[in-house]
Amino acid sequence: MEHSRQRPPWQPARRKTLARQAAAAWLAVLSLDVSIGPTRAQDRADKSCAAIIRAVLADIAARDLDTSEGPPLNAFLTLNPNAVAQAEALDRAAAAGKPKGSLFCVPVAAKDNFDTYDMPATVGSLALIGNQPPRDAPFVERLRNAGAIIVGKTNMDEFAMGIRGLSGAGGRVGNSYDTAMSAGGSSAGSGAAVGAGYVPFALGSDNCGSLRIPAAYNGAVTLRASYGRFDTSGIFPIGFVNGVPGVIARDTATLRAALAVAGDGWRTGIAGTLRDKRIGILRRFARKDPWAPGEADVQQLSVLAIALMRSAGANIVEDVALDDFDARLGPEFIKGFARKVDASFAAFPGARRSWRDVCTSQRIRPEWSPAACQAAGASAAGPERQAAERIAGNQRKVVAAMDRLRLDALLYPVDGRGGARGDESPDITCFIASASGLPAVAFPMGLDARGLPVGLELMGRPQADEVLVAMMGAFEVARGPLPPARRAPGRADLATLGIARQNELRLRLGWSAFHSRHGKDIGALEPARFRALTDELVKSELASR
């Protein structure tokens with residue numbers, strides 16, 4: 001499709017036509033089944049915490065590596081062998097009259113770059129198999145203290161470098177709406193686990209889109225917080241110049257409940273409204289139109305989404321441009337992380353003792369040479385300073401533009417093409433927030449013609465995180481419930497494998513996929529080949545019982 005020959009849909013001559021066309025499609029979308037699956041409050045009311053967690057683990061075991069309808073979802077790297085025992089401890093405490101925490105028995109998943117005392121942190125790399133931290137990251141610890149159960153660690157792009165959901169330790173992650181499509185990344189497994197209904201929310205991190213892309217692709221919501229807002233301790237320190245931890249959740253209410261606990265200092269009293277909020281539609285960025293790559297169905301959804309915001313009371317400011325913005329996210333944004341990795345490894349007896357040890361392990365992704373791996377993390381005072389200065393300069397420019405137009409937020413697509421596809425999109429907009437340190441929320445505006453979620457991003461002013469989440473919640477109410485991903489049938493025989501064997505199977509899967517790769521050729525990580533590999537290993541595991 002040649003977008004350059006189309007008239008942009010926001011021009012007045014096309015707005016009304018596209019809005020009428022979109023309305024019928026939107027109503028059809030909202031008429032679909034919107035049940036939220038096995039974690040409904042009614043289902044939970046009559047069960048012990050241990051029974052709930054057993055059911056969650058059985059659901060993951062049955063569905064996550066199921067290949068009966070396509071490539072596996074493969075959202076998890078490790079399931080927690082202690083989860084049921086931890087749930088039983090909560091049951092005993094409740095029976096003894098101890099107060100329940102605000103997240104009592106909520107099943108949660110954590111991206112595998114978060115430290116957890118009871119599961120390894122591989123950061124998606126075979127080089128870190130067996131890397132067992134001695135304590136939880138603060139983000140994780142606060143959730144556990146509120147009663148949440150961490151049911152497993154999610155699959156991710158190796159060392160959080162990528163947006164394809166390709167892991168050395170665990171293979172390929174599929175999209176929860178269509179497993180042949182990309183789940184996004186690098187928090188691929190967290191997005192897929194929420195989209196598939198395994199857990200109501202999962203932890204992730206974001207350097208450039210690593211929360212926002214998986215959330216948008218999997219029909220979930222997220223916040224990339226203002227830079228420096230949340231504690232990054234206990235998270236593998238790649239991309240520390242602009243990286244932030246966060247939560248991917250099934251809806252805004254769930255996100256707010258999670259952040260009220262995990263997000264230290266989160267303000268809970270911000271009303272959810274769009275009324276009188278001034279939202280600028282970003283129509284030109286770095287002299288390009290971020291909306292243009294979308295095909296007709298995506299353009300229609302965009303027009304209707306903006307109309308819904310207006311009908312909810314927002315003041316829409318069209319044709320905002322940000323041309324004076326340094327959008328480069330080069331190697332300087334991760335320079336110097338090796339010294340922090342080394343300090344992290346020195347804190348406990350781990351699988352590797354230094355970043356150099358990782359790079360020379362012969363277990364890093366094959367397109368990376370040991371020399372290139374070491375160079376990526378090497379300290380370089382000039383580039384590190386330049387990255388920080390670039391973020392600060394971009395933030396000043398964006399805030400000045402928002403001041404001039406009296407804007408509360410800027411709106412643009414998460415992916416200019418729309419929903420997930422099989423390849424890595426060239427039209428990702430993550431760098432707008434990442435290279436300015438400003439907060440941004442990502443959320444689905446609806447489903448495209450293929451039935452895949454299409455995401456929008458609202459970027460706000462410094463430290464306006466709670467306001468953005470409230471605005472997203474107001475849009476969610478105006479939009480109505482999003483149809484969930486279709487639940488795969490799963491395999492009862494897979495669910496009979498114990499957690500230890502499940503984890504061993506996932507490790508074998510990652511190892512086999514890793515050895516099929518050569519240079520930039522992803523080998524068995526290609527969807528059809530990964531399906532065949534998974535099917536072969538699952539059959540072998542079941543036959544050996």
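**A cavity and a sheet**

The largest cavity in this predicted model holds about 40 Å³ of space. Rolling a probe the size of a water molecule over the atoms shows where empty space is left. In this structure there is one cavity of 30 Å³ or more.

Which residues line the largest cavity? Its lining is made up of Pro290, Trp291, Val298, Gln299, Ser302, Pro413, Asp415, Gly416, Gly418, Met445 and Val454. Sorted by class, six of the lining residues are nonpolar, four are polar and one is charged. Helix α9, which covers residues 296-311, gives the most to this lining, with three residues.

The next feature is the sheet. Strands of a sheet pair through backbone hydrogen bonds, either parallel or antiparallel. Here 11 strands form an open sheet with mixed pairing. Read across the sheet, their order is β1-β3-β2-β6-β8-β7-β12-β13-β11-β9-β10. The edges are taken by β1 (76-79) and β10 (315-322); each has a single partner strand, so one side of each is left without a neighbour in the sheet. On average, neighbouring strands of this sheet are turned by 30 degrees against each other, with direction ignored.

Strand β6 (residues 201-206) and strand β8 (residues 244-249) run antiparallel. How many bridges join β6 to β8? There are six bridges between these two strands. As a point to find in the structure, Asp206 stands opposite Val244 in β8.

Methods. Residues are numbered from 1 along each chain as its sequence is written. This is a predicted model: local features need pLDDT of at least 70, side-chain atom pairs count only at pLDDT 80 or more; totals for chains, interfaces and linings use all residues. Side-chain values use heavy atoms; hydrogens and water are left out. On a 1 Å grid over the protein atoms alone, a cavity is a set of points where a 1.4 Å probe fits but cannot get out, and a pocket is an open set with protein on both sides within 12 Å along at least five of seven lines; lining residues have an atom within 4 Å of a point. Grid points are joined across faces, edges and corners, and a volume is the space filled by probe spheres set on the points. Helices (H or I, at least four residues) and strands (E, at least two) are DSSP runs, numbered from the N terminus. Ala, Val, Leu, Ile, Met, Phe, Trp, Tyr, Cys and Pro count as nonpolar, Asp, Glu, Lys and Arg as charged, and the others, Gly among them, as polar. Two strands pair if DSSP finds at least two bridges between them. Axes are lines fitted to C-alpha atoms, for helices over the stretch in contact, and angles run from 0 to 180 degrees between N-to-C directions.
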